[in-house]
Amino acid sequence: MAGMDNTTVERPTFVTHLECSMTGERYAADVVQGLSREGRPLLVRYDLKLLANSLSKVELLKRPADFWRYREFLPVRQTKNIVTLGEVTTPLQPVSRVQELLGGGPVVVKDEGRLPTGSFKARGLALAVSMAKELGLDKLAIPTNGNAGAAMAAYGRRAGMEVFVFCPEDTPETNLREIAMQGARVWRVNGLIHDCGRIAREGVDPMGWFDVSTLKEPYRIEGKKTMGLELAEQFDWQLPDVIFYPTGGGTGLIGMVKAFDELEAIGWIGPKRPRMVAVQASGCAPIVKAWEEGAEHARVWENAHTMAAGIRVPAALGDFLILKGVRSTNGLATAVDDDAIEEAWAEMADLEGILLCPEGAATYAAYKKELASGRVGAGESVVLFNCATGLKYEMPPVTAALDCHQPVDYTVLGES
Ligand SMILES: *Cc1c(COP(=O)(O)O)cnc(C)c1O
């Protein structure tokens, strides 16, 4: 393998090169890379033949239940560069009452809230920071709606790096505080995520930091890819029919599609793909609009607003990759409004004891909508992504109170 020093590598990795996601042009691995010459995301390519000969499903079963079990599918060359906070395999929770209520097929919630920093951004940032370490970087910057910044602060500080974070001013308060608490320098910016992105980009020269924006470096997507590997293994290599994914920058959707392609290439799954459903909020739905118009790229969404901050992304660098993933799997893109998100949020918690994040609730709202519309069939098995723990978000207030100095009228307690 090119560029490998066999004296320092404990377990082989299989990266051959990076590739422009638009033109297919090759770029060198093992050096710091951002976007391609065309300004498009770079994808990591592996020697999948060699990988297939080096790892078996049986071997995989013997490994610990964290995502480094998929080490051969990941770009880190040397184990000593892995920056970890315990990236557990996240559970699939069946929701049979929901299934009964809606009369659809089997539904499971993939609960990503169990990951370090309480969101699936940990997957991407664990890889980005590990690769930053491997490539000798020690100063990182990121624009974020909250969770990516929190994950970068945690992993960056874990690796002893300097971390700079730029958030839109309406970023959830918990996110801002966890970022600050985890040793990053964080600023509220009076704009949206792309305004924060410009600050991160323009600071590269004067500050000498590396820009870890969504899809502007090649490795966050490799971390998110583990969602697809994990799902395939959890489904015993028979993938579900439909995946509902709350889509902001789309890293996870693109990553899962890549994972399934790699798994098919090594013969672990067949050609069947889950239909990928990109879920957005009605107040910020550029991908849905582009999908409906049959466009290859999305246009910037003006006046973006939604309570689901994680999917408040007016322009996604990987828009064409998201749309390709949706179309190539015969999926769809759909938007739900904040009222439907709030209702779905409360309903899932009440029916199943699962406290989603608002973006996770959006996937449930979208499933209800599309089951009713018939675009998702009653016989189809479904995965809903809950991307963060619900505990990070402000919930409706509680007003009920009891006076412990007065006799309690127990007869009315069951009514409230
Ligand atoms: C980042 C984020 C999303 C969107 O994920 P992408 O892969 O960037 O599209 C959804 N929900 C939450 C909670 C997030 O933090």
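This is a predicted model: local features need pLDDT of at least 70, side-chain atom pairs count only at pLDDT 80 or more; totals for chains, interfaces and linings use all residues.

Residues are numbered from 1 along each chain as its sequence is written, and side-chain values use heavy atoms, with hydrogens and water left out.

Next I checked the strands (DSSP runs of E, at least two residues, numbered from the N terminus). S4 and S5 (residues 107-111) run antiparallel and are joined by 3 bridges; two strands pair if DSSP finds at least two bridges between them.

Then I zoomed out to the open sheet, where 6 strands line up as S4-S5-S13-S10-S11-S12 with mixed pairing. S4 (92-94) and S12 (332-336) each have a single partner strand, so one side of each lacks a neighbour in the sheet.

I looked for helices (runs of H or I, at least four residues) in contact with the sheet (heavy atoms within 4.5 Å). H12 (residues 319-328) packs on the sheet, touching S11 (275-281) and S12. H14 (residues 358-373) packs on the sheet too, and S10 (242-246) and S13 (382-386) are among the strands it touches.

Last stop: is leucine 402 buried or exposed? Leucine 402 is exposed, with a relative accessible area of 63% (exposed means over 50%, buried under 20%, partly exposed in between, with a 1.4 Å probe and protein chains only). I found leucine 402 in the segment after S13.

Notes:
Axes are lines fitted to C-alpha atoms, for helices over the stretch in contact, and angles run from 0 to 180 degrees between N-to-C directions.
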